[in-house]
Amino acid sequence: MIITDKRCWAEINLSQIIENYRIYKNQLPEKTKIMAVVKADAYGQGDAEIAEVLQKEGVTDFAVATLDEAVRLRTSGIQGQIFVLGYTPITQAQNLIEYDITQAVVDENHAKLLAKLGPRLKAVFALDTGMNRIGLDADYPDFCEEVIRKYSDKFCLQGIFTHLCTADSMDKEAVEFTNNQIKKFEKVAKRIEDLNLPYVHCLNSAGGLWNKCEKSVFARLGIILYGLKPSYQNQLPEGIKPALSWYSVVSMVKNLHSGETVGYGRTFKAEWEMKIATVCVGYADGYNRLLSNNFYVLINGKRAAVLGRVCMDQIMVDVSDILGVEMGTKVTLLGQDGDEIITADDMADAIGTIGYEIVCNISKRVERKYKYEYF
Ligand SMILES: *Cc1c(COP(=O)(O)O)cnc(C)c1O
């Protein structure tokens with residue numbers, strides 16, 4: 001009998017993250033720098049831990065989604081630029097100055113309020129080039145230029161940025177749309193060139209690989225840093241691999257007789273004698289309930305189908321054809337076991353979402369372990 005002390009845990013291979021970073025960097029033009037996007041706890045994988053190894057690797061610019069995330073990075077010893085990509089309420093903005101954090105300006109209203117904090121506040125204007133999420137409307141370059149100039153000395157203006165919303169797609173229409181977004185961005189960037197702003201950027205992971213922007217000083221590298229695909233159809237450069245694996249253990253094994261059912265709502269019914277194992281993971285750990293009767297785990301190098309509904313804390317899987325399964329046997333939810341591998345992208349594809357959501361949703365209850373072999 002194998003008894004580990006763990007119930008359900010994730011392992012993050014920090015060396016693989018560095019490897020992914022290096023491979024990605026090699027694909028970029030020499031002059032394009034990388035801003036590491038470590039928002040949402042580095043896509044569920046540990047922001048402080050990952051930012052620290054990237055900082056040792058020479059990365060000086062980091063992006064997060066919220067002020068809290070930014071403050072955590074700063075207090076954990078990250079020294080370079082920390083950029084908040086999303087909205088920060090003005091009532092919190094004093095902390096931006098206190099922790100030397102750079103704030104995205106979502107529109108002119110936001111600019112007006114942020115300007116009250118004066119010239120020590122570092123800010124970067126968002127431009128909306130077609131996503132319709134945040135930013136000054138780049139369909140009106142005159143207006144963008146006017147607002148940018150107006151605020152260029154009200155706070156410490158550092159740059160402008162935009163976000164591409166179809167850079168992961170190779171469809172003709174999507175490619176045209178992306179090119180158009182980049183053109184709109186470059187147009188505004190050119191008009192304010194005399195301001196010599198250091199932070200002008202528009203490329204996400206996908207954009208950095210498959211698009212070009214003369215004006216983009218940075219690629220904001222998110223998902224590919226973690227070894228996942230922007231979109232399931234994408235081919236990633238050779239050697240880029242998922243950094244996160246996710247494991248659990250079997251708690252018990254039992255025989256199921258023909259006609260018996262499994263789990264809530266009795267959604268799986270055995271048609272012959274089966275052997276099933278109960279595994280210590282559920283939707284409260286982030287194992288999506290849509291995986292019910294719809295996915296598989298790996299045990300002893302073989303696939304075991306999820307039977308019945310995913311419970312809050314447990315799932316049942318089919319181990320009829322797998323030998324040597326008992327209490328304590330390791331179960332791979334994401335990662336490699338023998339010749340089989342499950343990626344977050346595969347799991348996402350099974351339930352109509354994206355790998356981003358799978359890894360972000362692995363809950364706090366799942367302990368993170370870090371592997372660091374070299375750097
Ligand atoms: C999340 C995010 C990124 C990173 O996107 P990936 O697709 O993960 O590379 C870049 N820029 C902005 C504004 C973002 O919100």
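1. Asp100 is partly exposed, with a relative accessible area of 36% (buried means under 20%, exposed over 50% and partly exposed in between, with a 1.4 Å probe and protein chains only). The model is predicted: local features need pLDDT of at least 70, side-chain atom pairs count only at pLDDT 80 or more, and totals for chains, interfaces and linings use all residues. Residues are numbered from 1 along each chain as its sequence is written, and side-chain values use heavy atoms, leaving out hydrogens and water.

2. Asp100 meets Lys122 in a salt bridge (2.9 Å, N to O), that is, a side-chain nitrogen of Lys or Arg within 4 Å of a carboxyl oxygen of Asp or Glu. Asp100 lies in the loop between α5 and β5 and Lys122 in strand β6, so the pair ties together parts 22 residues apart in sequence. Helices (H or I, at least four residues) and strands (E, at least two) are DSSP runs, numbered from the N terminus.

3. Arg74 also forms a salt bridge with Asp100, with the closest N and O atoms 3.9 Å apart. Arg74 belongs to helix α4 (residues 67-75), so this pair links parts that are 26 residues apart in sequence. Arg74 is buried, at 15% relative accessible area.

4. No disulfides (cysteine sulfur atoms within 2.5 Å) are found in a search of the whole structure. For Cys8, the nearest cysteine sulfur is that of Cys280, 8.0 Å away. Cys8 counts as buried, at 6% relative accessibility.

5. In helix α7 (residues 141-151), the buried residues include Cys144, Val147 and Ile148.
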